[in-house]
Amino acid sequence: MTDATTRTLETILTLDRTCHHLNVSSKKKALEEIASRMVATLPMLTTEQVFENLIGREKLGTTAIGHGVAIPHCRLYRCSSIVGGLFSLAAPVDFGAFDGEPVQILFVLLVPAHEVDEHLSVLATLAQRFEVPAYRANLLAADSDDSLLAAALAPPVSFVQGQ
């Protein structure tokens, strides 16, 4: 991973949209709570808009990418730039992942309706990071919102070492 990748994540992810050990019991509850927390920093959006769009995207197919990770995302007309949120769950929930593993880490993306290239680039960056076992382990080991954000922005070890 390059420094540009880290800068990209730093521009879309903030501490106020990072939550360590979110306590929810299902995918629906997770998306409802995430929608509420995301719009707290985005006054142009409503919880209902974000939730309905996230759940609508899930109905097209799971956003779980395996290894206990999901990347819920949706396009919104009132969103002016890509916005991210990072959530670790207190207990894993079923997202219908292809590997059968329940999800414990969610990186949420809210994307402007017209954005395509940058959206796909961010999704690819996230998928690549989440493939690194040490990166996932560091996120799960975080014990606060601050440490979760720091773990997310840190370059994955195998990329730093060129493996």
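Mentor: Two strands are said to pair if DSSP finds at least two bridges between them. Please keep that rule in mind as we discuss this predicted model.

Trainee: Which sense, parallel or antiparallel, does the pairing of β4 and β6 have, and which does that of β5 and β6 have?

Mentor: β4 and β6 pair in the parallel sense over four bridges, with H73 opposite L109 in β6. β5 and β6 pair in the antiparallel sense over seven bridges, and G85 stands opposite V108 in β6.

Trainee: What makes β6 largely enclosed by the rest of the structure?

Mentor: Nine of the ten residues of β6 are buried, so the strand is largely enclosed by the rest of the structure.

Trainee: Why is H20 called buried?

Mentor: H20, in strand β1 (residues 18-22), has a relative accessible area of 19%. Buried means under 20%, so H20 counts as buried. Among the residues that H20 touches are S88, D143 and L148, leaving aside those up to four places away in sequence.

Trainee: What makes the approach of the backbone oxygen of A142 to the side chain of H20 a polar contact?

Mentor: The backbone oxygen of A142 lies 2.9 Å from a polar atom of the side chain of H20. The limit for such a pair is 3.5 Å, so the distance falls within it.

Trainee: Where is H67 found, and what is its phi?

Mentor: H67 is found in the loop between β2 (64-66) and β3. Its phi is near 60°, a positive value in a residue other than glycine. With a relative accessible area of 36%, H67 is partly exposed.

Trainee: How do you know that the buried residues of α5 are on the same side of the helix?

Mentor: The buried residues of helix α5 (residues 133-141) are Y135, R136 and L139. They cover an arc of only 95° around the axis, which puts them on the same side of α5. An α-helix has 3.6 residues a turn, so residues three or four places apart point the same way.

Trainee: Which exposed residues does the opposite face of α5 carry, and what do the buried residues pack against?

Mentor: The face turned away from the buried side carries the exposed residues P133 and A141. The buried residues of α5 pack against several elements, including β3 (69-70), β6 (103-112) and α6 (145-153).

Trainee: Why are C19 and C74 called buried?

Mentor: C19 has 8% relative accessibility, and C74 has a relative accessible area of 5%. Both values are under 20%, so both residues count as buried.

Trainee: Which residues of the largest nonpolar core touch the most other members?

Mentor: That core has 30 residues, and I34, V50, L54, F87, F95, L106 and L110 touch the most other members. Among the elements that give two or more residues to this core are β1, α3 (47-60) and β5. Its largest share, six residues, comes from α2. Apart from this core lies another, of 24 residues, among them I12, A142, L148 and L153.

Technical notes:
Residues numbered from 1 in each chain as written. Predicted model: local features only at pLDDT ≥ 70, side-chain atom pairs only at ≥ 80, totals over all residues. Heavy atoms only, no water. Buried < 20%, exposed > 50% of the residue type's maximum accessible area, 1.4 Å probe, protein only. Arc of directions from axis to C-beta. Contact = heavy atoms within 4.5 Å. Polar contact = N/O pair within 3.5 Å; in protein donor to acceptor, adjacent residues only side chain to side chain. Core = buried A, V, L, I, M, F, W, Y, C linked by side-chain atoms within 4.5 Å.
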